[in-house]
Amino acid sequence: MNRKPIEAPSMNTTLFYGAILSHQFIGDISKDRDKYRIRIIFTFKTGEKYTKHIGFRTKTEAKKAKEVLIAELACNNYWPFSYTAEEFFDFWLYHHQLREQKIAYATYMTYRNVIYNYLLPAFGKKTKLEDITAQQLLEIFDSISYQSVRRQMCNVTNIAFQYAFQHHYIKSNPALLLQISAKKKIHLEPREVPVFSVGQIQKLLFYCKKDYPDMYVPLLLSVTLGTRISETLALHYYDIDFTSLIVYINKQLGRSTNEDIKKV
């Protein structure tokens, strides 16, 4: 069955540079026009080099900033680039989650829904990642009506911002407060699962066999065995012991994303 491949957006190439391997200051603090500047060359894991110029109004400010920069570099707690919310979440979803973590298609769709339907519209795509606050996350959370989406948002922001913090794209993690607050606001009520009567199941199977014959056998198996769709699709004849009347459910089959990503 031919499926349209997942189209990955173009991404900021600096996100692929890897860790900073070394750095070197170019000279001392120098005055350039009306600014006092620090110049530093970074070498990254991929071999890429980048020269950064940082300007300050006074020489005193420049000296203090250089001392802070040296300390952060010594602690491996500095990153020379700044990203928008859109740049980071595109990279986190399509590269880190899909290519590196190899998440399932259903997980990808859940993450994508939260990011592109809730987070980015609320932040603004061009908002700097480091400017996103805990208060903004709480406001987005409170604006969501469905408990299931609230849980998904907590999960996505927790994983994504922790990743950003660990890679030094941000200095602090704004999602921590949300995790604490969400526990008090998410109602852990048992889900109401509809139960069909025998008559309703018979009607369902009848109309399925009549109008959607290709779906009849999978539906019949799911109804009689109580299996998930992914478990039903993964069944083979050798999973059925016709003598003992036992069906062995030991795997699932879902849409894969491993070879289903197309670069744009």
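This is a predicted model: local features need pLDDT of at least 70, side-chain atom pairs count only at pLDDT 80 or more; totals for chains, interfaces and linings use all residues.
**A first walk through the model**

1. Histidine 168 sits in the loop between H5 and H6. Histidine 168 has a positive phi of about 65°, although it is not a glycine. As background, most residues other than glycine have a negative phi.

2. Asparagine 76 is worth a look alongside it. Its phi is near 55°, again a positive value in a residue other than glycine. You will find asparagine 76 in the loop between helix H1 (59-74) and H2.

3. Now to the packing of helices. Two packed helices are described by the angle between their axes and the distance between the axes. For helix H2 (residues 85-100) and H5, the angle is about 95° and the axes are 11 Å apart. That angle makes H2 roughly perpendicular to H5. On the H2 side, the contact is made by Phe88, Phe89, Phe91, Trp92, His96 and Gln97. H5 brings Val156, Ile159, Ala160, Phe161, Tyr163 and Ala164. Sorted by class, the contact of H2 with H5 has 10 nonpolar and 2 polar residues, with no charged ones.

4. Cysteine 75 is exposed, with a relative accessible area of 60%. Cysteine 208, by contrast, is buried at 6% relative accessibility. As for disulfides, the count for the model comes to 0.

5. Glutamate 231 belongs to helix H9 (residues 229-233). Is glutamate 231 buried or exposed? Its relative accessibility of 13% places glutamate 231 among the buried residues, because that class covers values under 20%. Setting aside neighbours within four places in sequence, glutamate 231 is in contact with Ile249, Lys251 and Gln252. Leucine 205 lies 26 residues from glutamate 231 in sequence and 19 Å from it in space, C-alpha to C-alpha.

6. Proline 218 can be found within helix H8 (residues 213-225). Its relative accessible area is 28%, so proline 218 is partly exposed. Along the chain, proline 218 and glutamate 231 are 13 residues apart, and their C-alpha atoms are separated by 10.0 Å.

7. Last stop: leucine 253, in the loop between strand E7 (246-247) and strand E8 (261-263). At 46% relative accessibility, leucine 253 counts as partly exposed. Which residues does leucine 253 touch, not counting those up to four places away in sequence? They are Ser230, Leu233 and Ala234. Threonine 224 is 29 residues from leucine 253 along the chain, with 19 Å between their C-alpha atoms.

Key: Residues are numbered from 1 along each chain as its sequence is written. Side-chain values use heavy atoms; hydrogens and water are left out. A disulfide is a pair of cysteine sulfur atoms within 2.5 Å. Buried means under 20% relative accessible area, exposed over 50%, partly exposed in between (1.4 Å probe, protein chains only). Axes are lines fitted to C-alpha atoms, for helices over the stretch in contact, and angles run from 0 to 180 degrees between N-to-C directions. Helices (H or I, at least four residues) and strands (E, at least two) are DSSP runs, numbered from the N terminus. Angles under 35 degrees count as roughly parallel, over 145 as roughly antiparallel, 65 to 115 as roughly perpendicular and the rest as oblique. Contact means heavy atoms within 4.5 Å. Ala, Val, Leu, Ile, Met, Phe, Trp, Tyr, Cys and Pro count as nonpolar, Asp, Glu, Lys and Arg as charged, and the others, Gly among them, as polar.
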